[in-house]
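Have a look at the sequence and the fold first.

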Amino acid sequence: MGYRVVWFKRDLRAHDHWPLFEAARQGPVLCLYIVEPSLWAQPDAAAQHYGFVRESLQALDAQLRALGSRLHVALGEVPEVLAALHAHAPMQAVHAHEETGNALTFARDLAVGRWCRAHSVAWREWPQFGVVRRLRDRREWQPHWERHMAAPQAPTPTRLRSPTEPTDFTEALSRAGLWAWGTRPLPSVQALGLDPWDPPQRQRGGRARAQAVLDDFLQHRSARYRGGISSPLSAPDACSRLSPYLAHGCLSLREVVQATRAQLDALQAWPAPRVRQGLQGFVSRLYWHCHFIQKLESEPEL
């Protein structure tokens, strides 16, 4: 029996996750996160990001356990990790979200595609945001964004099946350098060459925290959004505070857009002009989120 790898990158959730849903629909799944030394050595990486990711991975593992699976982790560069895994436990496919990142992640994804083709492993990617890969005409972008945000969210699998072959699959994973979350610690920030300082007031990772921040913004803080985000005195509370949860995929952008629009619809029944204005301004900035990522996707030389 073959299996599919779901490679988690900046999509640390089980909800509205089309790669996970499609892989689970087709058979056994191995859920994998790879700690990439080259990625954490980049100048745009910091210990606070690593701490946020670690907290989000712990929450993701809890979500996967509730579905009958668990998260596995590896340390290394992605093509080499996949090669070691394939040598000990051949896979059928790798499922992942598209990523618009820095030059290193762009080159890494190309390398993963080449490795998959060379080893007859299917390489399936799904859009993460309202960003269009190989966009031919800029006029197509906004209709695509609206279609993506209006589309149904991917159902969360009711249960995930784990691979059963080879017979001692756990031993095969160990030989390939993988371990189950919680059975050994992640590499330290010092081992990855990161400055160990962790801002004490940074936001904490994980889907439950992300949902709490979203609910608090929609129900309460959105009334201060319009105008409040322009001042450093009021912005810390008036802004949505959702950026890290969107950047690392604890929430999908689609579910945030749909929740915001549902709240706007609910407000039609009673006067709340400041809340409506705040939520409308927030939706416009969710457009901007993808609009500017699209610039990097279409013109990576920027």
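## A serine to start with

Is S222 buried or exposed? S222 is buried, because its relative accessible area is 0% (buried means under 20% relative accessible area, exposed over 50%, and partly exposed in between, using a 1.4 Å probe and protein chains only). You'll find S222 in the loop between α8 (207–219) and α9 (225–228); helices (H or I, at least four residues) and strands (E, at least two) are DSSP runs, numbered from the N terminus. Leaving aside residues up to four places away in sequence, S222 touches F217, R274, V275, G278 and L279, where contact means heavy atoms within 4.5 Å.

A quick word on the ground rules. This is a predicted model, in which local features need pLDDT of at least 70 and side-chain atom pairs count only at pLDDT 80 or more, while totals for chains, interfaces and linings use all residues. Residues are numbered from 1 along each chain as its sequence is written, and side-chain values use heavy atoms, with hydrogens and water left out.

## The sheet

Six strands make up an open sheet with mixed pairing, in the order β5-β4-β1-β2-β3-β6 (two strands pair if DSSP finds at least two bridges between them). β5 (122–126) and β6 (178–180) are at the edges with a single partner strand each, so one side of each has no neighbour in the sheet. From one strand to the next, the twist averages 30°.

Now zoom in on one pair. Strand β1 (residues 4–8) and strand β2 (residues 29–35) run parallel and are joined by five bridges. Within this pair, V6 stands opposite C31 in β2.

## Helices around it

Helix α4 (residues 78–88) packs on the sheet, where α4 touches β1, β2, β3 (71–75), β4 (93–97) and β6. The direction of α4 makes about 145° with that of β2; axes are lines fitted to C-alpha atoms, for helices over the stretch in contact, and angles run from 0 to 180 degrees between N-to-C directions. Helix α5 (residues 103–118) also packs on the sheet, touching β1, β4 and β5, and its direction makes about 145° with that of β5.

Then there's α1, whose buried residues are P19, L20, F21, E22, A23 and A24. These buried residues pack against β1, β2, α3, β4 and β5. Just after α1 comes G27, with a positive phi of about 150°.

D16 isn't a glycine, yet it has a positive phi of about 45°. D16 sits in the loop between β1 and α1 (18–26), and it counts as buried because its relative accessibility is 2%.

R134 isn't a glycine either, and it has a positive phi of about 60°. Its place is the loop between β5 and α6 (141–150). R134 counts as exposed, because its relative accessibility is 69%.

## Pockets

Rolling a probe the size of a water molecule over the atoms shows where empty space is left. On a 1 Å grid over the protein atoms alone, a cavity is a set of points where a 1.4 Å probe fits but cannot get out, and a pocket is an open set with protein on both sides within 12 Å along at least five of seven lines; lining residues have an atom within 4 Å of a point. The largest pocket has a volume of about 700 Å³ (grid points are joined across faces, edges and corners, and a volume is the space filled by probe spheres set on the points). Its lining has 32 residues, with R10, E99, T100, G101 and A247 nearest the centre. α13 gives the most to this lining, with four residues.

The second largest pocket has a volume of about 480 Å³. Of its 21 lining residues, E99, F106, L110, R133 and E297 are the closest to the centre. Here α5 gives the most, with eight residues.

## One enclosed space

How many cavities of 30 Å³ or more does the structure hold? There is one, and the largest cavity has a volume of about 40 Å³. D16 turns up again here, lining the largest cavity along with R13, H97, P127, Q128, H148, S252, L253 and R254.
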